[in-house]
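The following explanation leads the reader through a structure step by step. Please keep the sequence and the three-dimensional view at hand while reading.

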There are 2 protein chains.
Amino acid sequence: MLSKSSKYAIKAVLFLALNSNDKKKVMVKDISEPINVPQAYIAKLLQELSRQNIISSSRGFKGGFYLSDNNRKQSIMSIVNVIDGEKNFNSCMLSLNECDEDKPCPLHKSLYPFKSSIIRNLESISIKDLALEVELGNAFLPL
Amino acid sequence: MLSKSSKYAIKAVLFLALNSNDKKKVMVKDISEPINVPQAYIAKLLQELSRQNIISSSRGFKGGFYLSDNNRKQSIMSIVNVIDGEKNFNSCMLSLNECDEDKPCPLHKSLYPFKSSIIRNLESISIKDLALEVELGNAFLPL
DNA sequence: TCTTAAATATGATTTTTATCATATTTTTGT
DNA sequence: ACAAAAATATGATAAAAATCATATTTAAGA
């Protein structure tokens with residue numbers, strides 16, 4: 001479904017949504033620990049997210065990662081797309097290269113509607129939305 | 001979602017459902033080609049499925065793999081469980097070790113219902129059901 | 001009973017994913 | 001300018017998943 005890397009990335013971005021802004025930057029070692037992901041590993045993911053403008057960063061003394069208001073508008077799916085690549089999700093449940101409504105694979109009819117809903121959800125939920133859920137205490141981001 | 005191995009396995013079992021029975025066994029090389037999976041690889045998967053009694057086999061001359069009537073009653077999920085292990089699916093979307101209705105991860109509320117439906121579907125659809133769909137021309141199993 | 005054709009067991013190799021390590025560049029404060 | 005502290009770039013290593021290779025066991029037919 002989601003790769004480990006994508007999950008790590010989502011957790012990190014969510015952490016930044018909750019703990020950073022233009023004026024308050026957070027450095028990798030202060031992200032990796034609370035979300036429980038190896039520092040060097042999350043560093044690489046954050047660098048990639050930053051290069052793709054999903055998150056923001058500044059180097060040097062007093063530098064770190066943070067989310068701008070624009071960053072927060074991005075969807076969760078955009079994180080997944082950067083880390084796992086675009087069409088990891090859309091592919092057929094049985095990996096047939098031809099699978100659509102016209103010529104569906106055996107699992108298509110029963111499973112595609114649900115998978116499709118998951119995709120649309122990930123596309124429609126913004127980083128800000130998700131952070132809000134945590135702030136309201138409706139969801140949790142532990143360990 | 002499903003590993004490549006699980007997808008291969010489902011395709012192979014479905015092929016057996018459509019092309020074998022107690023009296024008509026099929027050997028690996030005649031399975032691997034039509035489903036387009038490397039022979040040595042699918043052989044290993046079929047052996048595991050056979051050991052776990054998801055499919056049937058007999059060795060030696062005139063031997064091969066086939067599905068008994070009982071085999072056909074098994075669910076698609078049982079194939080996945082044998083190949084990918086039991087709790088690959090049930091795990092949290094963000095891999096938090098605590099994630100349930102009481103203390104849901106940020107993605108739980110919006111995604112779990114759909115994921116749950118997929119699981120229940122895979123559990124309720126039998127091999128026989130799925131093969132029937134292909135026989136009726138409602139679904140396709142190409143390449 | 002012997003030969004042949006099949007699955008089975010076992011393990012080696014390759015590829016992908018995850019993880020670790022480090023030298024370089026950039027920014028800020030002195 | 002300089003020193004320190006941060007991200008960045010790059011690549012090495014480790015672990016897991018996928019793929020390949022082969023010797024062994026089993027069953028059928030002559």
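**From one residue to the whole assembly**

Pro113(B) has its place in helix α6 of chain B, the helix that spans residues 108-124. The model examined here is a predicted one. Is Pro113(B) buried, exposed or partly exposed? A residue counts as buried when 20 or more other C-beta atoms lie within 10 Å of its own, and as exposed when there are 12 or fewer. Pro113(B) has 13 other C-beta atoms within 10 Å, and is therefore partly exposed. Pro113(B) may also be set against Phe65(B), which stands 48 residues away along the chain; the C-alpha atoms of these two residues are separated by 37 Å.

The discussion now turns to chain A as a whole. Chain A contains seven helices and two strands. Their order along the sequence follows the pattern α-α-α-β-β-α-α-α-α. Taken along the principal axes, the box filled by the C-alpha atoms of chain A is roughly 55 × 30 × 25 Å. Of the 143 residues in chain A, 41% are buried. The contacts of the chain may also be considered by their separation in sequence. Among contacts in chain A between residues at least 6 apart in sequence, 66% join residues at least 24 apart.

One pair of helices in chain A deserves a careful look. Two packed helices are described by the angle between their axes and the distance between the axes. Helix α2 of chain A (residues 28-35) and helix α3 of chain A (residues 39-51) pack at an angle of about 115°, and their axes are 9 Å apart. The crossing in which α2(A) passes α3(A) is right-handed. Which residues make this contact? On the side of α2(A) they are Val28(A), Lys29(A), Ile31(A) and Ser32(A), while α3(A) contributes Gln39(A), Ile42(A), Ala43(A) and Leu46(A). Five residues of the contact between α2(A) and α3(A) are nonpolar, two are polar and one is charged.

The loop between α2 and α3 of chain A holds Asn36(A). Phi of Asn36(A) is near 65°, which is a positive value in a residue other than glycine. Asn36(A) has 13 other C-beta atoms within 10 Å and is thus partly exposed. A further positive phi value, near 60°, belongs to Ser95(A), again a residue other than glycine. Ser95(A) is found in the loop between α5 (76-84) and α6 of chain A. Because Ser95(A) has 14 C-beta neighbours inside 10 Å, it counts as partly exposed.

The relation between the two protein chains comes next.

Where the chains touch, 35 residues of chain A are in contact with 35 residues of chain B. On the side of chain A that touches chain B, at least two residues come from each of α1, α6 (108-124) and α7 (127-135) of chain A. The helix that gives the most to this side is α6(A), with nine residues. By type, the residues on this side of chain A divide into 21 nonpolar, six polar and eight charged. Since 100% of the interface residues of chain A are also interface residues in chain B, the copies meet through the same surface.

The DNA strands complete the picture. Around DNA strand C there are 28 residues, of which Lys4(A), Pro38(A), Gly60(A), Phe61(A) and Met27(B) come nearest. The elements giving two or more residues to the surface near this strand are α1 (4-19) and α3 of chain A, together with α3 (39-51) and β2 (64-66) of chain B. Which element supplies the largest share of the surface near DNA strand C? That share, six residues, comes from α3(B). The surface near DNA strand C is made up of 10 nonpolar, 11 polar and seven charged residues.

The residues near DNA strand D divide into 10 nonpolar, 11 polar and seven charged.

Note on methods:
Residues numbered from 1 in each chain as written. Chains lettered and ligands numbered in written order. Predicted model: local features only at pLDDT ≥ 70, side-chain atom pairs only at ≥ 80, totals over all residues. Contact = placed C-beta atoms within 7 Å. Axes fitted to C-alpha atoms, helices over the stretch in contact; angles between N-to-C directions. Helix = DSSP H or I, 4+ residues; strand = E, 2+ residues; numbered from the N terminus. Left-handed = near helix turned anticlockwise from the far one by under 90°. Nonpolar A, V, L, I, M, F, W, Y, C, P; charged D, E, K, R; others polar. Near = placed C-beta within 6 Å.
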